[in-house]
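Hi everyone, thanks for coming. I'll walk you through one structure today, so please have a look at it while I talk.

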Amino acid sequence: MAEAHPVGFQWVVEAKKRGATVIHVDPRFTRTSALADIHVPIRAGSDIAFLGALVNYVLQNDAFFREYVVAYTNAANIIDDNFRDTEDLAGLFSGFDPEKGHYDPVTWRYEAPEDRSPDEQQRLEELEENETGGSEHKESHVAAQSESHGSGGAAVPWKGRRDETLQDPRCVLQILKRHFARYTPEMVHEVCGIAPDDFTKVAEALVRNSGRERTAAFCYAVGWTQHSTGAQMIRTASILQLLLGNIGRPGGGILALRGHASIQGSTDIPTLFNILPGYLPMPHANQHQSLEEWVRDDEDKAGFWGNVRSYAVSLLKAYWGEAATPENDFCFDYLPRVSGDHSSYSTIKAQIEGRSKGYFIVGENPAVGSSNGKMQRLGLANLDWLVVRDLQMIESATFWKYGPEIETGELVTEEIGTEVFFLPAASHVEKAGSFTQTQRMLQWRDKAVDPPGDARSELDFYFELGVRIREKLKGSTDEMDRPLLDLAWDYPVDEHGDVDGQAVLREINGTGSDGKALSAYTELKPDGSTSCGCWIYCGVYADEVNQARRRKPHWEQDQVAAEWGWVWPANRRILYNRASAAPDGTPWSERKRYVWWDAEKGTWTGADVPDFVPDRAPDYVPPEGAKGPAAIGGQDPFIMQTDGKGWLFAPVGLADGPMPTHYEPPESPLANALYGEQNNPTRRALTTPSNPINPSYSEAFPYVFTTYRLTEHHTAGGMSRTLPYLTELQPEPFCEVSPRLARERGLTHGDWVTIVTARTAIEARVLVTERVRSLRLGDRFVEQIGLPYHWGGNGLTTGDSPNDLVNVTMEPNVYIQDKVGTCDIQPGRRPRGPALISYVESYRRRAGITEEET
Amino acid sequence: MTFSPTSLFGRLDDVQSDAGYAEDHPPRMGFFTDTSICIGCKACEVACKEWNMVPDDGFMLTGMSYDNSQSLNASTWRHVAFIEKPVDVPVPAGSGPSPAASGTDLGMPSVGVPQLPLIGDQEAPSGDGGIRWLMSSDVCKHCTHAGCLDNCPTGALFRTEFGTVVVQPDICNGCGYCVPSCPYGVIDVRHDDGRAWKCTMCYDRLKVGETPMCAKACPTESIQFGELTELRERADRRVEELHAQGVEVARLYGRDPEDGVGGDGAFFLLLDEPEVYGLPPDPIVTTRDLGSIWKHVGMAAGGMVALGVASFFGRRK
Amino acid sequence: MSGGSHQGSGGGAGRGEQSMVPSAEPQKYDSYYGRPVIKAPVWKTPDVPLYLFLGGMAGGSSLLAEGAAATGRPGLERVARLAAASGAMGGTVFLVHDLGRPERFLHMLRVLKPTSALSVGTYILSAFAGASSGAAALEVTGWFPRLKRVAGLGAAATGPWLATYTAALLGNTAVPAWHEGHKELPFVFAGSGAAAAAGIGMLLAPTAEHGPAIRMALAGGTAELVASELMERNLATGHGVDLAEPYHQGRTGRVMRAAKGLTVAGHLLTLLGLKWPWLRRLAGASYVAGSVSLRFGIFEGGKASANDPKYTVVPQKARAAARGERKQSGSLA
């Protein structure tokens with residue numbers, strides 16, 4: 001966090017000054033570790049073993065926050081009789097189809113209630129229908145719809161039976177206990193390389209700092225997300241935090257440290273293929289042939305997600321304005337559809353295979369920043385046209401002229417047919433707009449200077465592009481053109497002559513039938529009378545004031561500091577904060593009071609905006625058949641879940657299991673010590689010749705490598721390797737190895753080394769440092785090589801891109817790539833030109849990778 | 001302007017009056033750099049260069065941990081030092097680095113066969129022993145008794161009303177005398193420019209009541225700016241706090257107005273011996289010995305005259 | 001902690017006290033990757049060493065010139081006057097050339113700063129250059145002989161300061177091999193300057209007028225050798241590390257040994273030259289070469305002592321430790 005979020009890290013330093021214990025778990029000793037109380041070196045990719053062992057520790061020692069767990073999680077829920085755990089099936093859960101490579105979660109569900117309500121009966125029948133076909137579920141997962149269930153989980157058809165004594169062998173807590181029973185400190189030593197004493201230190205610190213009086217927080221970044229089991233790693237932490245009672249409480253929770261100043265914004269107003277603003281799912285071509293079909297699954301689900309129709313219709317009104325009417329399903333038919341996996345890496349494969357012809361690269365540099373650089377560049381070379389918008393001439397724009405494949409001859413400039421348009425972009429001080437950072441906070445930035453020359457903001461570009469396209473299509477009678485022609489495409493221009501960003505923000509906020517800015521997403525209607533570009537952002541322009549622009553200093557506010565910026569949703573700073581109070585509505589402790597029930601006033605009150613129905617009493621029990629927000633009980637803090645509980649066990653919604661399970665990364669030097677199943681069975685391979693995978697525990701590739709960031713550089717380097725002041729701070733590409741590995745391979749501190757995988761070989765300087773520990777796993781050492789990934793061929797400092805080494809195997813829920821792999825390392829510079837190809841091929845032969853396997 | 005024995009050495013509580021400012025001069029301003037919370041982010045280096053338009057210093061990977069700025073000089077006015085020290089014994093109270101850690105040298109590139117660091121215990125299970133990573137943002141000390149200022153022959157270096165030491169680039173003729181006069185090795189001559197340059201404590205910003213850029217940019221408030229007297233008190237409390245937490249190695253450097261330079265206007269909290277950070281263990285301003293120096297010069301000059309005269313006595317030959 | 005006295009014991013507190021670690025043993029010390037703690041002077045070679053030589057030689061020559069004038073040795077007087085003036089002029093050229101901004105050399109005259117040897121020296125040099133050039137010009141033209149004497153006396157009054165102030169210049173820095181030798185260095189420079197001036201005299205003046213030059217060379221050269229020896233001995237002990245080491249190692253060591261050798265050779269040749277006068281020319285050249293070498297040696301040796309952190313760290317740690325022990329034992333702070 002100190003490396004990648006140094007400004008945010010000041011709060012960790014502040015907390016430490018006030019007595020907090022800071023624990024840093026990371027393969028390397030970084031600048032964060034330097035200020036931590038405990039550093040735990042870990043084998044990259046083995047986090048589920050570590051976190052699962054913490055779960056096991058908490059359960060075995062009865063150290064969980066019982067009242068919280070019973071009332072607020074699904075620990076007490078009874079699971080279907082047919083459920084089988086990884087303990088029973090050598091690493092698989094019940095319902096795995098080896099041919100299709102995915103699970104049918106029907107056996108994971110809550111036990112069907114014997115006396116069913118009519119709704120529940122209908123749902124059961126629907127499910128049984130799907131069981132036989134199963135195709136809809138597969139389609140749904142292929143299209144990563146698991147991500148599309150909003151901020152909550154997928155719908156469960158019934159709340160089910162619960163055993164609040166937590167003794168029933170089929171209750172979630174017992175299943176969880178059994179599932180993690182073999183995740184012991186000794187197992188952690190063998191799998192992660194963490195000494196049992198260190199493990200115990202961490203476990204004790206966590207337990208000591210959880211409960212009524214104290215809370216503990218987890219902060220994570222791509223060390224968890226960028227793995228084939230990434231979603232489950234985070235899940236394990238969620239389970240742990242739920243067991244410890246740390247979710248929804250001040251000083252608790254799990255903070256995702258995102259990789260870029262506004263990347264949270266680019267998932268909220270998304271640039272991802274499978275979601276629409278506010279995490280509405282992209283409609284599926286087969287499953288959703290009408291608005292009705294689109295919202296039906298989630299409509300009336302318990303909780304605020306049940307009002308999905310209002311959010312969806314308001315979004316359509318924002319897009320098509322007047323043209324969207326109840327009669328035409330609010331122009332639902334105009335929305336593009338997904339029909340399968342259109343994720344980033346699959347798209348690259350489609351480019352290589354000639355199925356995808358055009359590409360916009362805007363403020364990103366996949367030739368350096370995405371995994372398997374060669375694959376990226378081969379895709380770029382096969383396009384008809386490419387548009388690149390950036391501040392600098394990035395590698396993704398010059399791939400046709402410079403680049404590793406030009407050097408080796410795999411690509412020849414004259415033979416590349418891609419027409420490349422490079423458009424200069426304005427920087428963030430040259431345009432007005434908001435950033436949404438890692439805490440869900442929107443902060444508005446004003447324009448400080450005009451952009452130079454022809455540089456323009458994205459807003460100006462896309463608006464102008466739309467204007468010109470619509471101009472060209474004017475008068476067309478073709479149905480295909482109506483979605484573009486019917487767009488509400490009129491934005492005013494501000495005092496600088498730029499398209500007015502604040503007007504766009506206001507449109508995102510939403511307006512009512514009177515044209516005035518709305519204040520809360522509860523005001524959104526399903527009948528087309530409201531318009532809202534992103535329901536979770538509704539309120540950012542409340543009272544016609546740009547709330548994201550507020551800058552009241554923290555020393556003039558309490559610790560919640562609600563008047564700095566605006567946090568979605570509803571300026572609520574901590575989500576699920578109902579859980580900061582006991583079931584009866586009183587705070588768990590004076591020290592940790594945050595939000596509580598004021599019985600006199602009949603409302604929830606406190607330091608933050610309560611994440612609950614404001615006037616819902618703690619003892620409220622929803623009536624049978626209640627829908628949407630009305631179905632939220634007084635003790636259901638997790639209001640986006642259909643059962644209002646935190647899910648220790650996820651009956652539905654995740655592609656790779658209801659509980660996290662340790663699998664080895666797709667490339668690993670070790671066999672899975674826990675199960676017979678080596679890797680995540682539902683992982684998605686990407687088969688294309690430029691993406692061969694190193695076999696597991698291969699002699700040719702005995703070391704682990706992982707990529708990471710330095711404070712001094714920014715992502716793919718376009719904004720830092722081109723500036724002298726940053727370049728001089730880290731002027732050359734390097735890798736970091738332990739002294740033992742240096743001795744083993746004859747590497748000299750400061751000299752050049754070559755690192756090779758089945759994909760390619762790169763060179764870098766080597767820093768031999770004790771900050772990279774040799775990990776002892778059982779009777780062997782596992783050596784890890786650390787690689788800052790910022791380098792590419794353009795700029796003041798240039799070098800090979802470490803991401804060229806990475807194989808793309810995708811996580812099954814969100815299709816993210818792994819950033820861990822295996823490799824070899826040798827002293828000296830790498831071969832150049834065509835010799836590089838034969839060098840890599842010699843390694844492939846040694847590893848037994850044949851053409852057919854690629 | 002007053003000139004007393006304490007003008008050159010010893011405790012001097014009002015350095016501005018000593019330099020000739022009127023009684024109503026502003027309070028002495030300074031830096032307290034608490035290296036125990038430095039995260040090595042180098043925002044201070046960049047912010048300083050941006051504001052003061054200091055040129056970049058060359059692109060060379062030094063192998064000195066994450067320090068590629070190497071040292072303070074004419075084009076680096078804030079320098080973040082990085083020191084990696086294996087910890088194989090608990091650091092005892094009050095002592096310096098562990099014996100195994102002496103002469104920590106990760107080796108410089110292309111200088112023979114560099115020494116690999118002492119291993120600690122790589123044969124043992126991982127996670128024990130461990131490592132310390134010291135990080136510290138170094139800066140001009142703006143000494144109470146500043147050797148560079150005492151020795152500058154053109155008057156380019158002067159004491160400001162805030163008690164800081166500043167070089168005027170329009171006067172400096174690059175004689176370079178300030179360079180070896182500094183006991184901390186701070187000030188230097190910029191070779192393509194010819195003049196001496198160093199930290200000004202953002203004199204232009206102080207004049208309008210603003211904070212120097214490094215302090216402004218530092219995210220953890222490792223660099224603290226304010227009135228020197230107040231900073232010293234704050235630092236004393238911080239050291240006490242650290243000692244109470246068991247961090248016995250914490251100590252202040254340059255805080256003592258009785259030290260060899262009369263106390264630094266920019267002083268530090270360190271977690272190890274000063275020389276580990278590249279700082280002199282016991283800096284004394286060179287002009288302390290000015291009297292002795294000129295006395296001996298005088299004697300020698302006199303001796304030379306005597307010798308010269310005596311050469312003419314004796315037989316004519 | 002010694003109070004505000006300027007009469008402190010200079011380099012190395014507690015010199016000779018038992019609390020100091022003997023410098024015979026190699027010292028353990030930490031440093032920041034072996035990098036220098038202080039900064040070596042950025043002054044150029046050969047500009048500054050040659051200036052040191054020229055200043056010494058010119059200062060000595062001004063004495064020789066006045067003495068010669070007073071005792072009727074016109075040949076020696078002329079040589080000495082010209083030597084003094086060319087030394088001053090040449091030295092000034094080197095000084096200006098050494099500046100980072102030579103066009104701003106007049107900024108040296110903006111202030112007179114008593115704490116700065118360079119400032120004081122600028123005025124010494126200016127006064128000397130004016131006086132010696134005036135005297136030389138009048139010597140050459142033959143005009144205003146009495147004015148010439150006045151100018152010459154002005155030069156002789158400032159000359160010895162010109163020859164020795166440079167020891168203050170070098171000594172009043174943080175450079176260990178200079179600062180810790182600041183007591184002896186002025187005598188080294190005085191002797192060297194006298195020997196150089198005398199050497200010029202022996203080289204260029206008529207042999208009949210050599211007498212004073214010979215005496216000055218023998219005395220000056222001996223003073224230089226003795227003072228150097230004392231300085232190096234004092235640098236070698238009592239600091240925890242041998243601060244004279246930079247003067248003995250590597251190329252600097254060779255230059256310093258050459259300097260001493262040339263001075264000794266000068267003595268030998270001078271003594272032999274009492275019998276065979278033509279050898280005195282050789283002696284004169286030897287003294288001059290010895291003086292030049294000495295200045296280069298001192299200059300490079302100082303820089304070497306600045307560049308190695310051990311010469312800064314070890315003595316300072318020893319000094320601080322000794323002070324701590326004295327405090328503990330209750331003796332005078």
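This is a predicted model: local features need pLDDT of at least 70, side-chain atom pairs count only at pLDDT 80 or more; totals for chains, interfaces and linings use all residues.

Okay, rings with rings. A pair of aromatic rings is described by how far apart the centres are and by the angle between the planes. Over all chains, the count here is 53 aromatic pairs. Take Phe32(B) and Phe267(B): their centres are 5.1 Å apart and their planes sit at 20°, so this pair is stacked. Now, where do these two sit in the sequence? Phe32(B) belongs to strand 1 of chain B and Phe267(B) to strand 10 of chain B, so the pair ties together parts that are 235 residues apart in sequence. Both of these Phe residues are buried.

Compare that with chain C, where Tyr32(C) and Tyr33(C) make an edge-to-face pair, with 4.6 Å centre to centre and 75° between the planes. Those two, Tyr32(C) and Tyr33(C), are buried as well. And there's a cluster of rings with members from chains A and B: Phe29(A), Phe734(A), Trp791(A), Tyr66(B), Phe82(B) and Trp133(B), linked by ring pairs.

That brings me to how the chains meet. Chain A puts 51 residues in contact with 51 residues of chain B. Together they bury about 4400 Å², and 60% of that is on carbon and sulfur atoms. On the chain A side, Tyr725(A), Glu728(A) and Glu770(A) lose the most area to chain B, together 17% of what that side buries. Glu728(A) turns up again in a salt bridge with Lys49(B), at 2.7 Å from N to O. Between chains A and B the count is 3 salt bridges. What about the other chains? Of the 2 pairs of chains that touch, B and C have the most contacts. Chains A and C don't touch, and their nearest C-alpha atoms are 14 Å apart.

Next, salt bridges over all chains: the search finds 88. One of them joins Glu664(A) and Arg43(A), again at 2.7 Å from N to O. Both sit in loops of chain A, Glu664(A) between strands 16 and 17 and Arg43(A) between strand 2 and helix 3, so the pair ties together parts that are 621 residues apart in sequence. Are they buried or exposed? Glu664(A) is buried, and so is Arg43(A).

Now look at Lys474(A) and Glu471(A), whose side chains meet in a salt bridge at 3.6 Å. Lys474(A) is exposed, with a relative accessible area of 61%. Glu471(A) is at 49%, so it counts as partly exposed; the cut-off for exposed is over 50%.

Last stop, a bit of sheet in chain A. Strand 26 of chain A is mostly covered, with 6 of its 8 residues buried. Which strands pair with it? Strand 18 of chain A runs antiparallel to strand 26, joined by 4 bridges, with Phe705(A) standing opposite Gly821(A). Strand 20 of chain A also pairs with strand 26 in the antiparallel sense, over 4 bridges, and there Thr754(A) has Gln826(A) as its bridge partner.

Conventions. Residues are numbered from 1 along each chain as its sequence is written. Chains are lettered from A and ligands numbered from 1 in the order in which they are written. Side-chain values use heavy atoms; hydrogens and water are left out. Rings of Phe, Tyr and Trp (its six-membered ring) pair if their centres lie within 6.5 Å; planes under 30 degrees apart count as stacked, over 60 as edge-to-face and the rest as tilted. Helices (H or I, at least four residues) and strands (E, at least two) are DSSP runs, numbered from the N terminus. Buried means under 20% relative accessible area, exposed over 50%, partly exposed in between (1.4 Å probe, protein chains only). Two strands pair if DSSP finds at least two bridges between them. Contact means heavy atoms within 4.5 Å. Buried area is the accessible area (1.4 Å probe) that two parts lose on being put together, summed over both. A salt bridge is a side-chain nitrogen of Lys or Arg within 4 Å of a carboxyl oxygen of Asp or Glu.
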